[in-house]
Every structure is written in structure tokens, then in C-alpha cells.
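Below are my notes on the two-chain entry we discussed. They are arranged as numbered points, and the coordinates come before them.

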Amino acid sequence: MKISNLIISLSIVALILASGVMPKSSAMASDVIEETINLSAPGAQKSSLSAIAQPSKSGVARIRIEYFKGIEIEEYLNVQVAFLSPGSYRIRANGNIIVYTFTTDSTGAANVTLKDNAVPLNIQPVTTVRLLEVINSSGDAVLSGRFAGAAPPGKPTAIATANLVATEKYIRGSAQYIVRPIGNTVERLLVIEIWNMHWSPQPYMIGINGTAIGAVVVNHVARGKMAFMTNPGRHDYDQEVPLNSQFTDISQIRTIEIFDHDSKSVFARGKFTIITSSSARQQAPVKLSSRKGLH
Amino acid sequence: MRLTKINLPFLTLVSSLLFGSLPSATASAYSSDVTMETIKLKITGVQNNPHPAVVLVPTTGIARIRVERFKGMIIEQDINVQVASLTPGNYSIRANGSIIVTSFKTDSTGAADVMIRDEAIPQSIQPVTKVSLIEVLDSSRRVVLTGRFKGASVPGRPTIMGRAELTSSDKNIKGVARYVVRPIGNAVEQLVIVEIHNMYLRPQPYLVRFISSTQNRALGAITVNRLGRGIIVFTTNPGRNEFDCEARLADDRFPRVQDIRVIEIYDRDTLRVFARGQFKRVTPTDIKEMATAIELSGTQAESISQAQGRIRIMTRARDNFVEGRIDVALNGLNSGDVFDIEAEFDDGTTVILGSVTGDADGSSRVRFTNFPYRQWDTLLPEPVQDVTLIRKLTIRNINTGEAILRGTVNSDR
């Protein structure tokens, strides 16, 4: 690697460190394994509600387990369904283990979380669940999905950063996206931080590639931070929200804007610079560093 | 049974059980507690906004302490200090008047975000709840910002609870908003929890607006998943991580969440309101309070002779709604077996509330409520609109369908 490239890479690493966007350090000994999958309908049932657009798939399932120094401190299995025929259903794991019975609301929706002791012993830890099904009273699977097998996040495979530039010189901000493996699957996250944002009214809209994906609220010192991710709930960040499904390929993100939700006037704008995979590999040791003294 | 008919000892017992003292199926294992407090730092007059052109950016700061424990063991702690509009330069953070915690440098706008975590925290202020006074000093050791922590602890029982059903012109869009005020040691925490589902309208995100008698402001935006389901929690302490998406509650606009009267979910472009909810006041005379305990007994077909159980059903007046709750405590189960909890109503209909699984010691507990606000609360199924109409409860093996325990609600309830 040329010296100049190295300097640039190190500068970017320093920038990422300085803006505090790297998730909790792996040195903290707290590891989260988390995977969210879509549950698809094999055709056993179609929605009885035709008045509104219905998705072709109508379920998601998530497993999450958190360890501290190798000790399991929390785990859960979450299943959400939408637009089933209203009634009672069961959750079946690995083809033959019935783990829960739930009743939908009148729209056929439900949200079930089995946490810690409520997780049946024969699917503990929840990472032992591979096949997950929602079955009806006849035992037919109306939704099913397979977990690929998650693990703690590995080294990022793609990183890009953007400095937010504002017309008003005191507004500052940065954005980064990271793609990283989590076992047999992949996690994508987009982290945005702004400060010195004292304009009214809040919240400030966040747009990527010209499409609004969320809104950020700043605190008493006019600083705000949020993370869009494929696995919200990992709790690497205070505010985690689902990554908009329009941006499943996060590496296609080119621009970011912070704009007013009424007037649409843009407060700050940035363009992403992709860090090469070789630079990303250099980045990995950064995760072990403390975030002390960020500025 | 009306509350007035319950004798005093039982009332006391019920009161003690009403909040928190009965762990749910998961609560017994949920030993992870977060203590957290966020305070504003005040200027001392040494500095005040070196950027007069930016009149809206005052010299200011906030500080936060956070400790997470698991079974009494500290697994994570941090101190976070954020400052804005200081004179650009070098500063240090001092705790309790004498302990220099760290030094930092602002950016060119005088802003900084300093996080000191775990081993980087001086031993003398571990755990960080020992910090009562926090100061930001300039390079001449003058105090430019200062603030005092009141002394936080893990959340206590709520003192104020409110609930609003979100309704929409589209009958499939549903949601609920809840607010909670609860003590956290000497400080107070406020939460507004907003959940929506079946939100298939485009485009996302959907803005969330609160209306009180003096304010009408959007506070944030909610993003739904591919099922059209989303949740956002506005809280004075984002970062406790009780919920997946925690955002800051603008307590300068809504200092008392119980003053919020209306919540709206609306489109940012057209301003069309997708869903709306009102935190309605309920007069005490409208509310039927009830509390009853049911001892479950084995059925003739029982295969688990040692199985025992108790179920408590209660309704109670809250600030603007009636909370319905069913607490289930079972023991003597076969470890690992899963059981359905079936409720039969006065009209003969039955609803499966949910399932429980036998722990390693054969016990299991769960709480169903129409006001879930803790991670381990389970939402009552929608068909259960009034828990006082339940007349019989049955515990069935999920695989065999065999009823192992049954109980009947006293007819004089």
C-alpha cells in the first residue's frame, strides 16, 4: 500500500473513531447474536382482508441472545405475523417442537415474544432454532422461514463515510454505513450523527438517495444520533430503527441529506466515500479501542 | 366482586402484587437492571456562546450516567458528557469536585461528545452512580458547565399511566400509545410508547405528533418493518434499551407526559393523518375495579399430580383507562413442557391467552395485561376486552391437549 493511501485510510479510521460511530467495542465482552428472517406463506392460506394492499409474505421472526464474558444474560424469540385469518395459531420450531399458542387480533396480526425462561428448554439457546413455522389449528404451516445461523459480528466487509456539509457553518454531521458478517448472514447498518442543529421545528428528516427513511431528534445540546439497521435491537446504539426495505443493498447509498419536513429545505448534505475492503480490514483493530476522549 | 367487597388483608395482598412483585414467565430470569440518569449542565458564566451569529446555539451541556447489572454484577457502565458552543479548545471533566475523569478537545464549533466506558472510568467513581457532581473545566481550571445528579436507581412502580387507542379511517390500521411516569431513585423518568401495525401506506417514515393544551409538535418519526409494524418510545432516558427504538422525549415541550391529550401519526408530505388517539379522561364512577384470586385444581384426567397453580385477575383504574391484568403462577410442571392457558367467558367463548413453559424447577409465571410496558409483559389478546367476564381458566398441555389444571372464578365477583 502506498504511504498516501495508508495515511488516507488511517485518517478515515481516525474520523470514524472521532465521530464515535463504531459500535460497542468487542473488548467489552458483551456479545449479541441476533438474526431476523422473513416468514413466507407456502400457500396454505391467503389473507382474508383484501381491502388493502397485502404483502406476499406476512411474518418475521427474530432470535437474539446476549452473552457477557461467555455467560448468557438474555435471550428471546420474537415472531410477528400480519394478515392471517384471525384466530389461534401455534409456533413450531425445528419441525416438531410446539413452543407457543397465540391469538391474533381481528386483522390477523400478532406479536409474540418468548424471553428467557419463557423459551422452552428444548430450544435453548434460541440459536438452536433453524426452522420456524406458524401453524394453524389443522397443523398446516401457514408461514415458515429458516434461520441462516447468526454469530457475533465479524470484521466489516464494506464501509463508507460521508461528512455532512451545511450551508450554515456551525452545523456538523457525519454518516457511515457498514456491512459486516454475522455468522452465516449479513448485517447492514447506517449510522447518522448531527450536532449544532438548533433549527425548528424538529424532527429533522433523513433522506438517502433522495428518499426519506427516517427522522432524527436532537437533544438539549442539539446533538442527535440514530442507526438504521437490519437487526434493530442489538442495542449498539441508543436509537435503532429498521433499515428501510428499499435499501437492502446498502452499498448503493450515495448521498444523504438532512432536511426540514415542512419546507423540505436541506440543512446538511453529504456524499459517501467508500473505503476499500483492504482499508476495511485495517479498520478491524479499531473495534478493540476505547471510545474515551472522542473529540 | 367489587373492590369494596374485598376484605382488607386480601386487598393488601393484591396491592402488593399489583405492581411488579409477581414476576412474569420471563421476569424471574430477567435479572438485568439498568440504572440511568441524564441531567442538563448549566453555564456558570465563565463562557457563554462564543458564536453570537448562531443565536440559537447556547453554551450548554448534558451528562448521563448508565450502569447495567446482571444478577448484581456490573456488566457495563459509562459516563457520557456532551457540550455545545464552548470556546473551542481543551477541557476536562471533573467528578464530585476533585476527580478528573478525562480531558477532551472540542471541535471548531465548541462541541464535543465524550464517552468514558467501563475500564476507562476512574476506580474512585465506580460504579458511576457515585457521581453526584459533574463539571466541565476549561484549560485554566475554571468551571464552565456544572450539574448534579439526583441519584438514580432502577425504575420503580409507575406513578402515572395513560393509554390511547389509535384509530384510523382505514379499519386495518391499528395502534396504541401509552405513557408512563415512574421514579428512578431520586429522579423521575417519563416514557411515551407508540406502537402501530398494519401501516402499509406509503411513503415511510410516519411522523408522530403530540398535542397538549399548549403544544402541537411532531417529536419524531416511526419506521415500520415489512409487516407494517413499528414501535418508537420517547423517553427522558434513551439508552436504557428496554425497547428497540428509543428516542429522546422533548421534555422542554412536553415536561409532563400526562398533559398530552392527542397523538397523531401523519404523512410528512400531505399532512394526512393516518391514525389518531386521545388520552381520554375517565371519571372514577365509570370504572369497575375488581380483584380475585383463583386456585387451580387438578383435573380428573390429570397426568401431573403435583401440578398446582394460582391465577389472579384484576382491573384497576389508572389515570385515563382501566387496566386489565391476569397473573398466572404455576408450579409442579414437568420441566420443559409447554402449556396453553385457556380462558372461558360468560358467553361460553374460549380464547387462548398464550402459553407457558415449565422451568428447570417446574415453575412458570406470566402476566397478561392490556398495558404492557415492561419487556416481559405480555399483551392480552384483542378478543379479551374485559377480564372480568372470564369465568373459567384451564391449563392444557400444548402437545396432548390434556387439561391438567382448572379453576372457576367466584360467581360473586
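1. One definition is needed before the contact lists below: two residues are in contact if their C-beta atoms, placed from the backbone, lie within 7 Å. By that criterion, and leaving out residues up to four places away in sequence, A:I253 touches A:Y177, A:L190, A:I208, A:N209, A:F247 and A:F272.

2. The model is predicted. Chain A has an average pLDDT of 80, and 78% of its residues score at least 70. In residues 1-29 of chain A the pLDDT is below 50, although the stretch has 46 contacts in the model beyond near neighbours in sequence. Residues 280-295 of chain A are also below 50, with 50 contacts counted in the same way. Where pLDDT is low, the predicted coordinates should not be read in detail.

3. For chain A as a whole, the secondary structure amounts to two helices and 19 strands. Of its 295 residues, 49% count as buried. Among contacts in chain A with a separation of 6 or more, 62% are between residues 24 or more positions apart.

4. An open sheet in chain A is built from five strands in the order β10-β18-β17-β13-β14, with antiparallel pairing. Which strands stand at the edges? They are β10 (165-166) and β14 (211-216) of chain A; each has a single partner strand, so one side of each is left without a neighbour in the sheet. Within the sheet, β13 (residues 204-208) and β17 (residues 255-260) of chain A pair in the antiparallel sense over five bridges. In that pairing A:Y204 is opposite A:D260 of β17(A).

5. Is A:I253 buried or partly exposed? A residue needs 20 or more other C-beta atoms within 10 Å to be buried; A:I253 has 19 and is therefore partly exposed. A:T230 is 23 residues from A:I253 in sequence, and their C-alpha atoms are 15 Å apart in space.

6. Another antiparallel pairing in chain A joins strand β3 (residues 71-81) to β6(A) over six bridges. Here A:Y76 is opposite A:K115 in β6(A). Strand β6 (residues 110-115) of chain A has five of its six residues buried, so it is largely enclosed by the rest of the structure.

7. The largest nonpolar core has 111 residues, and the members that touch the most others are A:L190, A:I194, B:V192 and B:V208. Strand β12 (residues 185-195) of chain A supplies the largest share of this core, six residues. Apart from this core lies another of 70 residues, including A:I33, A:A41, A:F102 and A:V134. Neighbours within four places in sequence aside, A:I194 is in contact with A:L164, A:I171, A:R172, A:G173, A:V216, A:V218, A:G224, A:I258 and A:A268. In soluble globular proteins, nonpolar side chains tend to be buried together.

8. The contact between the chains takes 85 residues from chain B and 70 residues from chain A. The chain B side that touches chain A is made up of 38 nonpolar, 28 polar and 19 charged residues.

9. Chain B is assigned domain 1 (34-148), domain 2 (160-278) and domain 3 (285-408). The C-alpha centres of domains 2 and 3 of chain B are 30 Å apart, and their contact takes nine residues from domain 2 and seven residues from domain 3. On the domain 2 side of this contact, β9 (160-167) and β10 (174-184) of chain B are the elements that give two or more residues. The most come from β9(B), with four residues. By class, that side has four nonpolar, two polar and three charged residues.

Technical notes:
Residues numbered from 1 in each chain as written. Chains lettered and ligands numbered in written order. pLDDT = per-residue confidence, 0-100. Pairing = 2+ DSSP bridges. Nonpolar A, V, L, I, M, F, W, Y, C, P; charged D, E, K, R; others polar. Buried ≥ 20, exposed ≤ 12 C-beta atoms within 10 Å, placed from the backbone. Domains from an automatic or database assignment. Core = buried A, V, L, I, M, F, W, Y, C linked by C-beta atoms within 7 Å.
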